[in-house]
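Student: Before we look at any details, could you show me how to read a few features of a model, step by step?

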Amino acid sequence: MKFNIALLSGDGIGPEVTAQAVKALDAIADVYDHTFTYNKALVGAIAIDQTGNPLPEETIDICEESDAVLFGAIGDPKYDNDPSAKVRPEQGLLRLRKSLGLFCNVRPVKAYEKLIDKSPLKREIITGTDISIYRELTGGIYFGTKELSEDGQVASDGCTYSVEEIERIAHLAFKEAQNRRKKLTLVDKANVLETSRLWRKTVTALAKQYDDVQLDFLFVDNAAMQMILNPSQFDVILTENLFGDIISDEASVIGGSIGLLASASVGSKVGLFEPIHGSFPQGAGKDIANPLASILSAAMMLRHLDLNKEADTIEAAVEKSLELGITTGDINPDNPFPTSKVGDFIADYITHPEDTNVNFRNVHMGQSTII
Ligand code: IPM
Ligand code: MG
């Protein structure tokens, strides 16, 4: 089959990690006889530098005309440290989410057996953790009215949610729970926030349509603690935009590295797939960033395009790289592999998985003398 993929690699390490995902996709195209056509477009700081706009119109058009969007990372310290900057790279991503109608962000978190001892959390706490976080992505405080008084002394960010916005993501989260361990936890702050009370009321009412799913509630402060104390209690977590942003970064320590966490943003026709890590500017251009989150995002993209076997194949290759320690310094500090070599390994394993018999590691690294 033929697919058009919008490639928005963005800033910092974005281009390097996305290039590895493309290698994996090209290997999949080879093995399963698909054609992926990549349409490159600008977003973030690089788009500001070249066009003055973090999300040029042309980029939106390219995304809308594609079957899916593969996103790298955005952000540049020259904007982070300037509170008076009028345009910011992050606006590009936020506007893109909004204009493509991507209201549902899915962030899977799991403890890979091979990496359990890399996590700062104890083995017995994280073993068996497998969570799917459903984060609302186009509402709440991120998109509310922002104000700064004329004298610069008072600022506010409004937080608004409608029943409709809550219901549409809650349906997706309930369905996900039905396909998993049938437990849904709504994370909110209903003891303080009016919006959270609306979330609780709306989700409780919907639960009647999903009576095989057990619904429970946690205040976000408690949820943040439970994520570290007992993460395997969670199956699907449903939460609003800001809480989901925070909880998902916190959850990434369970997997041993934020460099492993992929995400899918869906809602309308075109889905967007991106690692949850940022642009890691200190690592840009050094061939040291972990490409696995980007590669796993490509797998999520394939699943969304109904290419399930293909997605499984990428995931198996990632597991193999973890098993063999062909990984970057964040998870393999003693014997780190460069970003590009991890990508080469994954692509090669997808193409020739059978080469497991001889000197496996070297064969896939192109270093074998045994042919
Ligand atoms: C994320 C990021 C973004 C967010 C930033 C870059 C705007 O942290 O995708 O989690 O806050 O949503
Ligand atoms: Mg974040």
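Tutor: Let us begin with a cut-off: a polar contact is a pair of N or O atoms within 3.5 Å. Please keep in mind throughout that this is a predicted model.

Student: Which side chain has an N or O atom 2.9 Å from an oxygen atom of ligand 1, besides that of Arg-107?

Tutor: That side chain belongs to Asp-245, where an N or O atom is 2.9 Å from an oxygen atom of ligand 1, while for Arg-97 the corresponding distance is 2.7 Å. The protein covers 79% of the 320 Å² of accessible area that ligand 1 has on its own, and the residues around ligand 1 include Glu-90, Arg-135 and Tyr-142.

Student: Where do the buried residues of helix 3 fall, seen down its axis?

Tutor: In general, an α-helix has 3.6 residues a turn, so residues three or four places apart point the same way. Here the buried residues of helix 3 are Thr-59, Ile-60, Ile-62 and Cys-63; seen down the helix axis, they fall within an arc of 160°, so they line one face of helix 3. These buried residues pack against strands 1, 2 and 3 and helix 5, whereas the face turned away from them carries the exposed Glu-57, Glu-58 and Glu-65.

Student: Which residues of strand 10 are buried on each side?

Tutor: In a regular strand the side chains alternate between the two faces of the sheet. In strand 10, Val-236 and Leu-238 are buried on one side, and Ile-237 and Thr-239 are buried on the other. Strand 10 pairs in the parallel sense with strand 5 over 4 bridges, Arg-135 having Thr-239 as its bridge partner; strand 8 also pairs with strand 10 in the parallel sense over 4 bridges, with Leu-184 opposite Val-236.

How values were computed. Residues numbered from 1 in each chain as written. Chains lettered and ligands numbered in written order. Predicted model: local features only at pLDDT ≥ 70, side-chain atom pairs only at ≥ 80, totals over all residues. Heavy atoms only, no water. Buried < 20%, exposed > 50% of the residue type's maximum accessible area, 1.4 Å probe, protein only. Helix = DSSP H or I, 4+ residues; strand = E, 2+ residues; numbered from the N terminus. Arc of directions from axis to C-beta. Contact = heavy atoms within 4.5 Å. Near = heavy atom within 4 Å. Polar contact = N/O pair within 3.5 Å; in protein donor to acceptor, adjacent residues only side chain to side chain. Areas by Shrake-Rupley, 256 points an atom, 1.4 Å probe, with all protein chains shown as cover. Pairing = 2+ DSSP bridges.
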